[in-house]
Amino acid sequence: MAHSTLVLPARCDRQAADDLLPKLREALAAGDVVIDGKAVVQLGQSMLQLLLSARKTAWKNQTALTVSASDAIRATLATIGAEHLIHGGKSR
């Protein structure tokens, strides 16, 4: 199965989510996905929703979704109780 790596920008706002969506769809359809979010300093609602949706899609497809998270991502996820996006690393 193929493996894709997608790198998030420092500012993950609505435009960044819109730009990532087609790439993420294609990557999830092809197989396992690694999302590199180590450079993220701001995680907006649109990107958060996209990442949560990607987690659900990967689970349905029985593929792995690994998220490398920055401190900003970890703080945002902890605030809203969505640490499961990164804890455990993979959705399988």
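Predicted model: local features only at pLDDT ≥ 70, side-chain atom pairs only at ≥ 80, totals over all residues.
Trainee: In what order do the elements run from the N terminus on?
Mentor: They go β-β-α-β-β-α-β-α, with 3 helices and 5 strands in the chain. Both are DSSP runs numbered from the N terminus: helices are H or I with at least four residues, strands are E with at least two.
Trainee: What does E3 pair with, and in which sense?
Mentor: Strand E3 (residues 31-37) pairs with E5 in the parallel sense over 5 bridges; a pair needs at least two DSSP bridges between the strands. One of the partners is Ala69 in E5, which bridges to Gly37.
Trainee: Which residues of E5 are on its covered face?
Mentor: Leu65, Val67 and Ala69, while Thr66 and Ser68 sit on the uncovered face of that strand (residues 65-69). In a regular strand the side chains alternate between the two faces of the sheet.
Trainee: Now the core. How many residues does the largest nonpolar one have?
Mentor: It has 27, and those with the most contacts inside it are Leu8, Leu24, Val33, Ile35, Leu43 and Met47. Helix H1 (14-30), E3, helix H2 (45-61), E5 and helix H3 (71-80) each give two or more residues to that core. The term covers buried Ala, Val, Leu, Ile, Met, Phe, Trp, Tyr and Cys residues joined through side-chain atoms within 4.5 Å.
Trainee: What does Leu24 touch?
Mentor: Leaving out residues up to four places away in sequence, Leu24 touches Leu6, Val33, Ile35, Leu50 and Ala54. Contact means heavy atoms within 4.5 Å.
Trainee: Switching topic: how many salt bridges are there?
Mentor: The count comes to 2, taking a side-chain nitrogen of Lys or Arg within 4 Å of a carboxyl oxygen of Asp or Glu. Asp13 meets Arg11 at 3.7 Å, N to O, and Arg14 pairs with Asp18 at 4.0 Å.
Trainee: Where do Arg14 and Asp18 lie?
Mentor: Both are in helix H1, 4 residues apart, about one turn of the helix. Arg14 is exposed at 59% relative accessibility, and Asp18 is partly exposed at 41%.

Notes: Residues numbered from 1 in each chain as written. Heavy atoms only, no water. Buried < 20%, exposed > 50% of the residue type's maximum accessible area, 1.4 Å probe, protein only.
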